[in-house]
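The questions below go through a few residues of one protein chain. Each answer works towards a value or a name.

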Amino acid sequence: QVQLVESGGGLVQDGGSLRPSCAASRRTFTDYAMGWFRQAPGKEREFVARIRRYGISTDYSDSVKGRFTISRDNAKNTVYLQMNSLKPEDTAVYYCNAGSVLRSPGPHWGQGTQVTVYS
């Protein structure tokens, strides 16, 4: 079992940046590919980004490609999501996930962090 704790969401103006992070409890952090998903009000949870265990490969949804960057620091058991050029349609609760396979989530979720972009 791995526990995930997100932080770093917030309120930001259209065009601004945020960098949420997700800290994992487990020492064997490198056992897991890590992903970010998001859920906007009234919508289903959707894939945002994924990074493989040693950070060699990343994947992004089309809606965030070129604006968001996922990274991980295995020494700190932490994964990050650098979000630039934010838009109001990026407003959602962002969830960290461990154990994802391609764009499908794994079994471990964080509690979520709210990101709100206003124009």
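Q: Is Leu 11 buried, partly exposed or exposed?
A: In this predicted model, Leu 11 has a relative accessibility of 61%.

Q: Where is Leu 11 placed, and which residues does Leu 11 contact beyond its neighbours within four places in sequence?
A: Leu 11 sits in strand E2, residues 10–13. Its C-alpha atom is 21 Å from that of Ala 49, which lies 38 residues away along the chain. With neighbours within four places in sequence left aside, the contacts of Leu 11 are Thr 116 and Tyr 118.

Q: Glu 6 is buried; how far away is the nearest side chain of opposite charge?
A: Glu 6 belongs to strand E1, residues 4–7. A salt bridge requires a nitrogen-to-oxygen distance within 4 Å, and Glu 6 has none. The nearest side chain of opposite charge is that of Arg 45, at 7.7 Å.

Q: Which backbone nitrogens does the side chain of Glu 6 reach?
A: Contacts of Glu 6 beyond four places in sequence include Trp 36, Tyr 94, Gly 110 and Thr 113. Gln 111 and Gly 112 are also among them. The side chain reaches one backbone nitrogen at 2.9 Å, that of Gln 111, and another at 2.9 Å, that of Gly 112.

Q: Which residues does Tyr 94 contact, neighbours within four places in sequence aside?
A: Tyr 94 is one of the core residues that touch the most other members. Its contacts beyond four places in sequence include Glu 6, Phe 37, Arg 38 and Val 48. Also among them are Trp 36 and Leu 81.

Q: What is the phi of Asn 77, and what is the phi of Ser 85?
A: Most residues other than glycine have a negative phi. Asn 77, in the loop between E7 and E8, counts as buried because its relative accessibility is 14%. Ser 85, in the loop between E8 and E9, counts as partly exposed at 40%. Both phi values are positive: about 55° for Asn 77 and near 50° for Ser 85.

Methods
Residues are numbered from 1 along each chain as its sequence is written. This is a predicted model: local features need pLDDT of at least 70, side-chain atom pairs count only at pLDDT 80 or more; totals for chains, interfaces and linings use all residues. Side-chain values use heavy atoms; hydrogens and water are left out. Helices (H or I, at least four residues) and strands (E, at least two) are DSSP runs, numbered from the N terminus. Buried means under 20% relative accessible area, exposed over 50%, partly exposed in between (1.4 Å probe, protein chains only). Lys and Arg count as positive and Asp and Glu as negative; His and the chain ends are not counted. A polar contact is a pair of N or O atoms within 3.5 Å; within protein, one must be able to donate a hydrogen and the other to accept it, and residues adjacent in sequence count only if both atoms are side-chain atoms. Contact means heavy atoms within 4.5 Å. A nonpolar core is a set of buried Ala, Val, Leu, Ile, Met, Phe, Trp, Tyr and Cys residues joined through side-chain atoms within 4.5 Å.
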